[in-house]
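This briefing is intended for reading alongside the sequence and the three-dimensional structure. Please keep both in view while following the points below.

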Amino acid sequence: MTGKKSKGDDDLPIGEIVVGDCIETLQGLPEASIDMIFADPPYNLQLAGELHRPNNSRVDGVEEAWDKFTSFEDYDRFTRAWLEAAHRALKPNGSIWVIGSYHNIFRVGAALQDLDFWILNDVVWRKTNPMPNFRGRRFTNAHETLIWAARDKSSRHTFNHDAMKALNDDLQMRSDWLIPLCTGPERLKDEDGRKLHPTQKPEALLHRAILAATRPGEIVLDPFMGAGTTGAVAKRLGRRWIGIEREAHYAVGATVRIAAVQELDDPELFETPPKREAKRIPFGWLIERGLIEPGTVLFDVRKKYSARVRADGSLIAADQTGSIHKVAAGLQGAPACNGWTFWHMRHQGKDVPIDLFRQRLRAELN
């Protein structure tokens, strides 16, 4: 899916992994050209040496040169530089996700605020299968933190609330996400069978972030592309993507991975229309079209309350009469109630919400 192009898109390396320095590459992009950035920067773990288990076997952790900085000041300079370049590249209504551990995320958060990003949420990624604490001198580190921020306070950022709710069994998505570490077939390996990248993130994590904060066809950029998870998920979700990666061998593995992702060119598969933008359907229209007959008995899911449908689309119940919303609220002694989800009826041997018929009519009228 290519999506709708904007001015300056032809100057962007869309669908490519640029091998090079992330700061220089970001600075070379057209200003205000990117819709969303997902960044997984170096943790700056400050490891003094190799980490070993109690049986003296070596832990396969993050020991690469790209994670080493001479001091906190050095790390802070690097962080501010790439975030300044990212701020310049984001569109006015764009947003950024940055993930990190306790080693770096607080320093990243301070830099984001200093550079006028507007923090929207901090999300806790709680790992179902974290690495144990081998020395037994502190709690097992079982989570990482994502900071989601708009470009600035005035940004009208994208948040696909209804998509997140649908993803979470029709409940509002919370800011604590229980997702396993990247393991099994999803984990990229090198020619020797070892992990290609030590901090490869699970696709489920990127799926949620990208689906929440972008629309189909928009451009997602990852300045620390690593194993290519951002590009693979963005492509699968019908978004365009750009990667930046300093280490050529990571870029090669990520490119092969992303090329294998099947791209579907059907916008309806990737977008959840906000309910507030849906066409308004009065309850009376269902009566007019014979979807619900006058005299039909409606009831709540517990069958504590009931009402009958009148020919004009109003309800009558005991001493209550009025709209589906007014009668539902009155029977409960509540200030308000959504009648579409409150009222049910018997249909083809099953109890179904009346909203089922509204959705059918809405689809017909569209």
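The side chains of D355 and R358 form a salt bridge with an N to O distance of 2.6 Å; a salt bridge is a side-chain nitrogen of Lys or Arg within 4 Å of a carboxyl oxygen of Asp or Glu. The model is a predicted one, in which local features need pLDDT of at least 70, side-chain atom pairs count only at pLDDT 80 or more, and totals for chains, interfaces and linings use all residues. Residues are numbered from 1 along each chain as its sequence is written, and side-chain values use heavy atoms, with hydrogens and water left out.

- D355 and R358 are 3 residues apart in helix 11 (residues 355-365), so about one helical turn separates them. Helices (H or I, at least four residues) and strands (E, at least two) are DSSP runs, numbered from the N terminus.
- D355 counts as buried because its relative accessibility is 17%. Buried means under 20% relative accessible area, exposed over 50%, and partly exposed in between (1.4 Å probe, protein chains only).
- R358 has a relative accessible area of 16% and is therefore buried.

**Other salt bridges**

- The count of salt bridges comes to 15 by this rule.
- R174 and D176 are joined through their side chains in a salt bridge, at 2.9 Å from N to O. R174 is exposed, because its relative accessibility is 57%, whereas D176 is partly exposed at 33%.
- A salt bridge also links the side chains of R194 and D190, with 3.5 Å between N and O. R194 counts as exposed, because its relative accessibility is 51%.
- E203, R236 and R257 are connected in a network of salt bridges.

**Charge on the surface**

- Which residues gather in a patch of negative charge on the surface? They are E263, D265, D266 and E268.
- Such patches are made of residues with over 30% relative accessible area and no salt bridge, in which like charges are joined within 9 Å and nonpolar side chains (Val, Leu, Ile, Met, Phe, Trp, Tyr) within 5 Å.
- E268 counts as exposed because its relative accessibility is 71%.
- The protein carries 50 positive and 50 negative side chains, and the centres of the two sets are 7 Å apart. Lys and Arg count as positive and Asp and Glu as negative, while His and the chain ends are not counted. The place of a charge is taken as NZ of Lys, CZ of Arg, CG of Asp or CD of Glu.

- I324, V327, A328 and A329 are buried in helix 9 (residues 324-332).
- The cover over the buried residues of helix 9 includes helix 8, strand 10 (306-309), strand 11 (315-317), strand 12 (320-322) and helix 10 (339-342).

**H87 in helix 2**

- H87 belongs to helix 2 (residues 72-89). H87 is buried, because its relative accessibility is 16%.
- Neighbours within four places in sequence aside, H87 is in contact with L115, D116, F117 and R151. Contact means heavy atoms within 4.5 Å.

- A32, a residue other than glycine, has a positive phi near 55°. A32 sits in the loop between helix 1 (22-28) and strand 2 (34-39). A32 counts as partly exposed because its relative accessibility is 32%.
- D170, also a residue other than glycine, has a positive phi near 65°. D170 is located in the loop between helix 4 (161-167) and strand 6 (176-179). At 49% relative accessibility, D170 counts as partly exposed.

**Overall picture**

- The protein has 11 helices and 14 strands.
- Along the principal axes, the C-alpha atoms fill a box of roughly 75 × 55 × 40 Å.
- Of the 366 residues, 46% count as buried.
- Among contacts with a separation of 6 or more, 68% are between residues 24 or more positions apart.
- The accessible surface comes to about 19800 Å², of which 49% belongs to carbon and sulfur atoms. Accessible areas come from the Shrake-Rupley method with a 1.4 Å probe, and for residues only the protein chains shown count as cover.
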